[in-house]
Amino acid sequence: MNNYEVWAPNAEAVRLCIDGATTPLTEGERGWWRSDRTPVAGERYQYQLLRDGEWSIPLPDPRSRRQPAGIHGPSAVVADDFCWTDGAYPGRELRGAVLYELHVGTFSPEGTFDGVIDRLDHLADLGVNAIELMPVQPFGGQRNWGYDGVDWFAVHEAYGGPEGLKRLVDAAHGRGIGVVLDVVYNHFGADGNYAGFFGPYTAGGATGWGEVVNVSGASSDEVRAYILDAVRQWLAEFHIDGLRLDAVHAIDDRLAVSLFEELADVAAEVSAATGVPRLLIAESDLNDPRLIAAREDGGYGLTGQWVDDVHHGIHTLVSGETDGYYSDYGTLDVLAYTLRHGWRFNNDYSEFRARHHGRPLDLERTPAWRLVTYTTTHDQTGNRAAGDRPSQHLSPTKLVLKAALVLTSPYTPMLFMGEEFAAQTPFPFFCSHTSDELNTATREGRIEEFQAMGWEPSSVPDPSDPATFASAKLDWEFSSEQRRVLDAYRRLISLRGELAIPETFLDWEVSHGEGWLVLSAPTYRVLANLSDSPCRLDVGGRLLYAFDAPEVTEHDALLGPWEFAIVAR
């Protein structure tokens, strides 16, 4: 920044606090206050606001770039002098990507960006070409999933701060691996959210995780600029390849020009300026094609979106769980329909929602790779009472079958950290709010939520207990059975690169019968037995890969329970 400035329309006066000295700021237009003082790299500062004749406590800058003492401490000026070495990196398109979602604090023993760097060779060997980091903006305490973040321009200090994130991005690019950053613009975390002291960053109403962000009410221009400038920072200064936009269905945007369009414009501008593609991937459960439809077709022009429906369809069949939102799934008819059409609901009735839901994709115009699919995610694991993973319950045969259905589909596949080696560690929800009241409310809220879903309160770990966080750390010592699953994942990802994966729905067929499913592309077929009984299917080509040892000839395949075979056509 060229000088100290802050948007504080709620204040009668503002002063800058540095080393115990205060300097008044001058009021400008539309609630902006400015100082003539030139910031110096490393300098720590805070603001005080005069409201109703009283000065506030010293507060961190809402646009803070660094919080070296945590979310309640002073902000710090950051120098933009990182020595990048990724000049030859061509970028990462979503088309052809194999994503890998990870949580920085639990992915490695160190729980830092440098710890992730030390595991990049594992990911490259696996075949992953893009990592997706769960949110890294500052939050209360040392441990959190990241969705309670505040200070949307800063990076959690315990992970390595802004310098550490840049080191990770540079190192990943050196191995040809892109970096997608998960960002949360639908609510602020409750711990350390000082933005509301300065101005109307929120608009009342609840998302379920916090107040609705003010993106279309009075004074929302500056709130939108707050978001857009943060996006530009990540994509330009930090060389981030793309952003995953958390829960966009909880963003209350009622303006004629959508925030999503503006975000897409920022990504396009950075891409044009750098010659490197920039991605925007939405998380949404609306089954709404407008998110990824082209602007000329009336869409918002985002690159892609997460789709839970494929996960739900596979999970219910393999696990047998059909409670809660899984009640709309659980049959081969539903899974086959979802795999063929991209998502489950196309303006038809949802039993779980008790209403119609969704809108059909244009299968002729929508590239299938715009949909990101998976066998599990942080949500689908961590939003269970104990945070237990599928790999803690299912056989290797079932785990690899699930992976095969995702990795041979025309959709963009994403892995969740550890699934590739059948991790036996859970991923429960954890936090370390600096307020005892918040920790108590979080713990009691989790118990109440899961008790209503039929889980015993004793099965819900205390999110603020350090042991809950420690339990989520990946164990990098593998058993022979885990290595067998890891080898299967490597082979499936490698095979995905060798096969001519369809890019359009027009080159993709799905058929099924009692207990079996066949996925058909122009150059290959996937024969899958999703039942406890053997089944025999026509092959019509040579075997390319099978995890177990089904009886496969040029004519037919005898698949045991939960076995699959990939054959050439």
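**Polar contacts between domains 2 and 3.** I looked up the interface of domain 2 and domain 3 in this predicted model and found 4 residue pairs in polar contact, both residues at pLDDT 80 or more. A polar contact here is a pair of N or O atoms within 3.5 Å; within protein, one must be able to donate a hydrogen and the other to accept it, and residues adjacent in sequence count only if both atoms are side-chain atoms.

**Which elements take part.** On the side of domain 2 that touches domain 3, I noted helices H8 (308-319), H9 (332-341), H11 (396-407) and H14 (480-498) as the elements giving two or more residues. H11 gives the most, with 7 residues. I sorted the residues of this side into 14 nonpolar, 2 polar and 5 charged. Ala, Val, Leu, Ile, Met, Phe, Trp, Tyr, Cys and Pro count as nonpolar, Asp, Glu, Lys and Arg as charged, and the others, Gly among them, as polar. Helices are DSSP runs (H or I, at least four residues) and strands are runs of E (at least two), numbered from the N terminus.

**Domain bounds and buried area.** I took the bounds from an automatic or database domain assignment, which gives domain 1 (5-59), domain 2 (99-498) and domain 3 (509-568). Domain 2 and domain 3 bury about 1900 Å² between them, 77% of it on carbon and sulfur atoms. Buried area is the accessible area (1.4 Å probe) that two parts lose on being put together, summed over both.

**Salt bridges.** I found 1 salt bridge across the interface of domain 2 and domain 3 (a side-chain nitrogen of Lys or Arg within 4 Å of a carboxyl oxygen of Asp or Glu). Arg484 pairs with Asp548 in a salt bridge, with the closest N and O atoms 3.0 Å apart. The structure holds 30 salt bridges. I also looked at Arg63 and Asp229, whose side chains meet in one at 3.0 Å, N to O. Arg63 sits in the loop between strands S7 (54-55) and S8 (75-76), and Asp229 in helix H6 (residues 220-237), 166 residues apart.

**Conventions.** Residues are numbered from 1 along each chain as its sequence is written, and side-chain values use heavy atoms, with hydrogens and water left out. Local features need pLDDT of at least 70, side-chain atom pairs count only at pLDDT 80 or more, and totals for chains, interfaces and linings use all residues.
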